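This report looks at packing inside one protein model.

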Amino acid sequence: MTSPGPEDLVVTQASLDEWTVVRGWAADEGWNPGLSDSVSFFAQDPEGFFIGRLGGEPVSAVSVVNYGADYAFLGFYLVRPDLRGRGYGSTTWKTALAHAGGRTVGLDGVVAQQDNYRQSGFELAYRTSRFGGVAPVGETPMGVRPAEAADLAAVTAYDSACYPADRPRFLESWLSGPDHRAFVRRTDGRLSGYGVIRPGRDALRIGPLFADTAEDARALFVALTGEAAGREVAIDIPGTNSAGVALAQEFGLTPSFDTARMYTGPVRPFAGERVYGVTTLELG
């Protein structure tokens, strides 16, 4: 009997409930997905999640989440391990990528796929390393406090300066997600950084960690990890931010794997020097 080919694959948009199986695949890959990330992901673009099926059975997935009219982010490019190398991933990819239209698309690519991404028009912007280890013991520094609803407008504006697109829908959900803990730092009455920590499959994940200075980032990091002392944490740090790498090393975190931030075209300028920790490799 002939095995099903790519032409037999049916690719459709996925619901939040249907995406549970894809989150499981990501966990199996060692990506340590956040336990409640999907709710915030779907809040940004509920039409940006795609599953490929054979005979109704999920076998592949890609997300392409749109941010405004100019930018989209691709993630969750996965094929069930026993069915790789048969073209199912490529078919799912092409269907999902059409959702971005003419937008520039970004992604954080694992090493094994970076050559394939280049063939699809993605170019390297910078590399990111995941650092992990045991959260240190510390007290919340002066000037740092838990984020409140009244901080949303200021955090949204700050985030927009640190990211290639505005994402208010995502942030409103991200800051208040189940078991998400967000902190802000104010200096001379203005916001000088914010960060979020959340439960993951294998470790607590920190992201984003955006801050004006290394001092601001350190204060937020200590606050974020304060309630997690003795537990495993992970943070994804752009290699272009040497102060971010030094901060992770100061607290004994070590790199485990690298990804590459890649884009299909130009993105609006953003304050990359403030990015001490990427929000999430799945949505940028």
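## Core

V22 touches I51, A61, F76 and L78, leaving aside residues up to four places away in sequence. Contact here means heavy atoms within 4.5 Å. V22 belongs to the largest nonpolar core, which has 36 residues, and is listed with W19, Y67 and Y194 as having the most contacts inside it. A second, separate core has 26 residues, including I197, F221, V233 and L247. A nonpolar core is a set of buried Ala, Val, Leu, Ile, Met, Phe, Trp, Tyr and Cys residues joined through side-chain atoms within 4.5 Å. Buried means under 20% relative accessible area, exposed over 50%, and partly exposed in between (1.4 Å probe, protein chains only).

The model is predicted: local features need pLDDT of at least 70, side-chain atom pairs count only at pLDDT 80 or more, and totals for chains, interfaces and linings use all residues. Residues are numbered from 1 along each chain as its sequence is written, and side-chain values use heavy atoms, without hydrogens and water.

Helix α1 spans residues 20-28, and its buried residues are V22, W25, A26 and A27. Their cover includes β2 (49-54), β3 (57-67) and β4 (71-79). Helices (H or I, at least four residues) and strands (E, at least two) are DSSP runs, numbered from the N terminus. After α1 comes G30, with a positive phi near 85°.

P33 lies in the loop between α1 and α2 (37-44). Why does P33 count as buried? Its relative accessibility is 6%. P33 touches R23, A26, A27, G200, R201 and R205, not counting residues up to four places away in sequence. P33 and R205 are 172 residues apart in sequence, yet 8.5 Å apart in space, C-alpha to C-alpha.

## Helix pairs

The axes of α2 and α6 come within 7 Å and cross at roughly 160°. The two helices are therefore roughly antiparallel (over 145 degrees). Axes are lines fitted to C-alpha atoms, for helices over the stretch in contact, and angles run from 0 to 180 degrees between N-to-C directions. D37, V39, S40, F41, A43 and Q44 in α2 meet R169, F170, S173 and W174 in α6.

Helix α5 (residues 152-162) packs on α6 (residues 168-175) at about 125°, with axes 10 Å apart. L152, V155, T156 and D159 in α5 meet P168, L171, E172 and L175 in α6.

Technical notes
Parallel < 35°, antiparallel > 145°, perpendicular 65-115°, else oblique.
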